[in-house]
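Please keep the sequence and the three-dimensional view at hand while reading.

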Amino acid sequence: MATVNVESDLRIILWIQAIRAFLYGFGAVILGSVLAASGASALEVGLVGAAILAGMALAAIVVGGDRSGRRRTYGALLVILGVVGLGYALTDRIWILILLALFGTMSTDANDNGPLTTLEQAMIGQAPAASRLRVFGRYNAIAFLTGALGALAAGGPAFLHQVWAGAPADRRWFLLFPIGAIVCVWLATRLSGVMEIEDRAHARLERSRTQVFRLASLFSIDAFAGGFVVTVFMVYWFSVRFGASQEVMSAVFFAAGLLQAVSSIAASRVGERFGLLNTMVFTHLPSNILLILVPLMPTLPLAIAVLLLRFMLSQMDVPTRQAYIAAMVDPEERTAAAATTNTARYVARPFGPLVGTALMHSVALGAPWVVAGTLKSVYDLLLWRTFKKVPLPD
């Protein structure tokens, strides 16, 4: 019966992930349009983005203790997601958007979404060890796929304005968030007690504390380097370097989302055959070399081809990383472990764009690509050296 409950619960989590990722992919594009239409300055846009990342980090810390129960906390965060989305639909005042972002349920990415991701990773960790990696692969594939569809659907309101002058303002489309949140809350109420831990009083890092902290410190290096080459930077760089249009880059990143979805599924099979750590390191390392090669390409088609090859490999470490953390720690430590490693990533990530921008202006236009790829390669080698002899309990 427990196995049946776990399988049913995992399906529910995947459905919730699909809805959330679509909303985040859709909302990221709509938010950009809203801020641009309201006349927000570059500083104000940066503050909103920083508040979203800061809120994700703070909320991930709060849920790490598992004190209120996973299902109750999960449902509460989904309710907050709907309330925040409603707030974004009703106003474009920057200080209100920043305040709402600090609740931690908004996201700039379809995948890796703060406290909700932390809880989902912990609950998916309840899956049997033999199938856990495959579930994480599907979990991430769904996020990339539906997030890409959400971003694509975000072009609909702009088209609607062209054919119907009375179409709702862009910010009104955030009303999809409370609608989606209601569906997600209903689904979350159907989760069984199998998703909970037996002893909440000991839901903290104990046996695995040292190893998790080592992982978190290494993950922060990867996240910091990844901040050099966020989507906004890549679109800007391709525009300046090759004159690439917005339509071309939109198609590129939609294709990238599809490739990431496929690679997430492939990662489970590769991980089962070659091991979690091997897959994390030896798929990520060549993707970093490709990252370095992008600015060296002489033409737009070649640069796009190398970038897409990089996307095909770069996310294969995500489901394997999540499965690796779940396997390394005890069941009651999983929420705290996910919160610790995710928070390290969220805290480090905002500094990447600042350093990357400085490099671009003071060194060379393509410098962020090279430095990011180099730092990420260092991360891979340190990860391999540190954990290659660490056995997994499973």
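Which residues form a nonpolar patch on the surface? They are Leu-58, Ile-61, Trp-95, Leu-99 and Leu-102, which together have about 540 Å² of accessible area. The model is a predicted one, in which local features need pLDDT of at least 70 and side-chain atom pairs count only at pLDDT 80 or more, while totals for chains, interfaces and linings use all residues. Residues are numbered from 1 along each chain as its sequence is written, and side-chain values use heavy atoms, with hydrogens and water left out.

## The surface patch

Patches are made of residues with over 30% relative accessible area and no salt bridge, with nonpolar side chains (Val, Leu, Ile, Met, Phe, Trp, Tyr) joined within 5 Å and like charges within 9 Å. Accessible areas come from the Shrake-Rupley method with a 1.4 Å probe, and for residues only the protein chains shown count as cover. Helices α2 (42-63) and α4 (94-101) each supply at least two residues of the patch; Leu-58 is placed in α2. Helices (H or I, at least four residues) and strands (E, at least two) are DSSP runs, numbered from the N terminus.

## Overall fold

The protein chain has 17 helices and zero strands. Its radius of gyration is 20 Å, close to the 21 Å that the globule rule gives for 394 residues, so the chain is as compact as a globular protein of that length. This radius is taken over C-alpha atoms, and the globule rule is 2.2 Å times the number of residues to the power 0.38. The C-alpha trace spans about 55 × 45 × 30 Å along its principal axes.

Of the 394 residues, 53% are buried. Here buried means under 20% relative accessible area, exposed over 50%, and partly exposed in between (1.4 Å probe, protein chains only). Helix α5 (residues 114-124) is mostly covered, with eleven of its eleven residues buried. Among them are Gly-114, Pro-115, Glu-120 and Ile-124.

## Salt bridges

A salt bridge is a side-chain nitrogen of Lys or Arg within 4 Å of a carboxyl oxygen of Asp or Glu.

| Arg-20 | Glu-120 | 2.6 Å |

The side chains of Arg-20 and Glu-120 meet in a salt bridge. Arg-20 lies in helix α1 (residues 2-37) and Glu-120 in helix α5, so this pair ties together parts that are 100 residues apart in sequence. Arg-20 is buried at 0% relative accessible area, and Glu-120 is buried at 0% as well.

Because Arg-171 lies in the loop between α7 (155-163) and α8 (176-188) and Asp-92 in the loop between α3 (70-90) and α4, the pair ties together parts that are 79 residues apart in sequence. Both partners are partly exposed, Arg-171 at 22% and Asp-92 at 28%.

Arg-345 and Asp-222 are both buried. Through shared partners, salt bridges join Asp-222, Arg-345 and Lys-376 into one network.

## Aromatic contacts

Rings of Phe, Tyr and Trp (its six-membered ring) pair if their centres lie within 6.5 Å; planes under 30 degrees apart count as stacked, over 60 as edge-to-face and the rest as tilted. By this rule there are 13 aromatic pairs. Phe-238 and Trp-369 form an edge-to-face pair, 6.2 Å centre to centre with 85 degrees between the planes. Phe-238 lies in helix α10 (residues 231-242) and Trp-369 in helix α17 (residues 367-387), so the pair ties together parts that are 131 residues apart in sequence. Phe-238 is buried at 0% relative accessibility, and Trp-369 is buried at 0%.

Phe-282 and Trp-384 form another edge-to-face pair, at 5.2 Å and 65 degrees. With Phe-282 in helix α12 (residues 276-293) and Trp-384 in helix α17, the pair ties together parts that are 102 residues apart in sequence. Phe-282 is partly exposed at 46%, and Trp-384 is partly exposed at 28%.

Tyr-24, Tyr-88, Phe-174 and Phe-177 form one aromatic cluster.
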